[in-house]
Amino acid sequence: MNVKKTGGWSLALGALGVVFGDIGTSPLYAFRAIFSHEQLSQATSRSVIYGVVSLVIWSVILVVSVKYVGFIMRANNKGEGGIMALAALLNTVKISRRVKLLLVLLGIVGVSLFYGDSVITPAISVLSAVEGIQIVAPRLHQVIIPVTLIVLSGLFLLQQKGTAVIGRLFGPVMFVWFVVMGIGGLGQIVARPEILQVLSPVVAMQFFTTHPALAFIAMGSVVLAITGAEALYADMGHFGRGPIARTWFWLVFPALALNYIGQAALITHNHAAISNPFYLLFPEATRIPVIILATLATLIASQAVISGAFSLTRQAVQLRYLPRLIVKHTSSQEFGQIYVPFVNWTLFGLVVLLIIGFGSSAKLATAYGIAVSGTLAIDTILFLAVARFIWRKPLLSIFAGAAVFLSVDLLFVSSNLSKILHGGWFPILLALTVFATILTWIQGQKITSKERLELEGTLDSFINELRLSKDITRLPGSAVYLSYHPHYTPLALRATVDRLHELHEHVVIVNIETKSVPHVAESARARFDALGYEDDGISHITLHFGFKDTPNVPKALEEAHITSKEVDFNLDKASYFVSTLNIVPTHRKNLAWLQKVLYVTMSKNAASPTDYYKLPLERTVEMSSYIKL
């Protein structure tokens, strides 16, 4: 989406449907999760309830309003935000190798935690919405799990069709959701205006000083009220900081504050309302429409998280953190509408297991805080690194920022450690799995790339051999060879000459590079490398793509061919040659045995270069080579 071409209010409405779905549906389960803890469920005095809701309000203010909107969203990579964008930006900074490695590893940990969030968010949000059924009809308790699974099955099935059409309704539906949510809380506040004293930070501080143990326990679930804060930052490239900030301060935050304060007022008056304070805010006659609206809102929140997982996966593949995966575009008009089948069905399988295994949103809440709090802390660390190494802020400012923001993040992390044995192990296990997968792929790529370079040999030596050879037949037409290393001979090109003893009259070697920026302009996409082989009928082009671009080699070459006369060949009839690697594990001790098995499995199941680079199937030849690991 082009921010400059779209009106500010249109962007704000769009942001409602994409950016704020996760944090906007937290009131469904956050307050209930806080008081589901044994100690807090028994301590429902007015001072405790007031202290808890004050903690919620001021956590949202400090983390979302101040840290993200006020500071972190000012750090961007060519307008893009999110952990991956920050990690890529820091990768270009000239700092010590150890510091850079540490920051990159932190970025990978953050990405790994995000996948945990991508699984838990659809499960807990939709389940908490459907649980409203038991408020209206307690006898229907047994249908909650089946209905939730049916609703989510439809959502994941819909991904392959794209969400461009229903996506237009996301903003208006979420606008109605926030208005209804705010009105629901306002009714209780008007009836009990004394509850407004919780807006003072003094109430939160007094709760910490008088009930430190309870406050610490509460912080483990208070973090649920700020889940989705990362989405504000990650989706900044689509909408811009201005529209997101306006939407947050003018609608989303007031609606959230009214609802949380309203829930606290209700619980103070009626302790039994702790069972489901959100739905009990509303009159009995309106609860069915509210349940339907809540289900729609949670589906929108889930859709945003799933789309985020698709986008993040594509970025990771582009940066070569993961093997090539099939990425399908579901809209010809809107850039970024993509579908990644492997990620979609993996998420769906895990979501189903979570819902069946935990059985309720209250139990799922114990698994949620670890991933959220870890992501918050990593965002803070990467932001402070940007402030120090790119903005050159003084150390005193960095320490002050760490003292304020990182201390709060670490408080959230430490308060969630007690949940590990009660469900928190799941996002940790999932994050460790993703982290090990990414690390294995990076290490395996490093080893096989070295082996590949030895097989390829330099392009200079290949051209010299070609000039001396007298048994090479030059075929009419043009051929494009994909290369993964500049100044080295593509394995497919070497195989064509060594095995077939033939070569096309016009040969173009295309090297593909992914830059540490989100997008590369079409005008800067191609670089013609004058290597001096033109008299031999061999030209060299480097194509640059950003980590959020979709690499389409024929399209990029067509655009380059039209605008330049340096390479002359018939693109419409050109043949494409790509190298595919068959990894053969050996007994070398360069990688752990389990990592070798994992790397070989990923290599075998990676998408073919033909599909990934959008090459014409009927004119593409894949030539296999064997690499020892």
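A: A residue is called buried when its relative accessible area is under 20%, exposed when it is over 50%, and partly exposed in between, as judged with a 1.4 Å probe and with protein chains only. The model is a predicted one, in which local features need pLDDT of at least 70 and side-chain atom pairs count only at pLDDT 80 or more, whereas totals for chains, interfaces and linings use all residues. Residues are numbered from 1 along each chain as its sequence is written, and side-chain values use heavy atoms, with hydrogens and water left out.

The background comes first. The protein chain holds 26 helices and eight strands, where helices (H or I, at least four residues) and strands (E, at least two) are DSSP runs numbered from the N terminus. Its radius of gyration is 27 Å, which agrees with the value near 25 Å that a compact globule of 629 residues would have; this radius is taken over C-alpha atoms, and the globule rule is 2.2 Å times the number of residues to the power 0.38. Along the principal axes, the C-alpha trace spans about 95 × 50 × 50 Å. Of the 629 residues, 56% count as buried, and 83% of the contacts between residues at least 6 apart in sequence join residues at least 24 apart, a contact being heavy atoms within 4.5 Å.

Turning to the charges, the protein chain has 49 positive and 36 negative ones, and their mean positions lie 8 Å apart. In this count Lys and Arg are positive and Asp and Glu negative, while His and the chain ends are not counted; each charge is placed at NZ of Lys, CZ of Arg, CG of Asp or CD of Glu. Side chains of opposite charge can pair when their charged atoms come close. A salt bridge is defined here as a side-chain nitrogen of Lys or Arg within 4 Å of a carboxyl oxygen of Asp or Glu, and by this rule the count comes to six. Three of them can be followed in detail.

One of these salt bridges joins the side chains of R32 and E131, with N and O separated by 3.1 Å. Since R32 belongs to helix α3 (residues 30-34) and E131 to the loop between α7 (97-130) and α8 (133-136), this pair ties together parts that are 99 residues apart in sequence. Both R32 and E131 are buried.

Another salt bridge is formed by D409 and K67, whose closest N and O atoms are 3.1 Å apart. D409 sits in helix α20 (residues 395-416) and K67 in helix α5 (residues 46-71), so the pair connects parts that are 342 residues apart in sequence. D409 counts as buried because its relative accessible area is 1%, and K67 is likewise buried, with a value of 2%.

A further salt bridge brings together the side chains of R525 and D549, at 3.3 Å from N to O. R525 lies in the loop between β4 (502-514) and β5 (526-529), and D549 in the loop between β6 (538-545) and α24 (553-563), so that distant parts of the chain, 24 residues apart, are linked. R525 is buried, and D549 is buried too.

Some other residues show the surroundings of these elements. G110 is found in helix α7 and is buried, at 0% relative accessibility; leaving aside neighbours within four places in sequence, G110 is in contact with I83, T375 and I378. F216, in helix α12 (residues 212-222), is partly exposed, with a relative accessible area of 33%. With neighbours within four places in sequence again set aside, F216 touches F208, L411, S414 and S415.

R392, placed in the loop between α19 (361-389) and α20, has a phi near 60°, a positive value in a residue other than glycine, and R392 counts as exposed at 59% relative accessibility. K614, in the loop between α26 (609-612) and β8 (620-628), also has a positive phi, near 60°, and K614 is partly exposed, with a relative accessible area of 30%.
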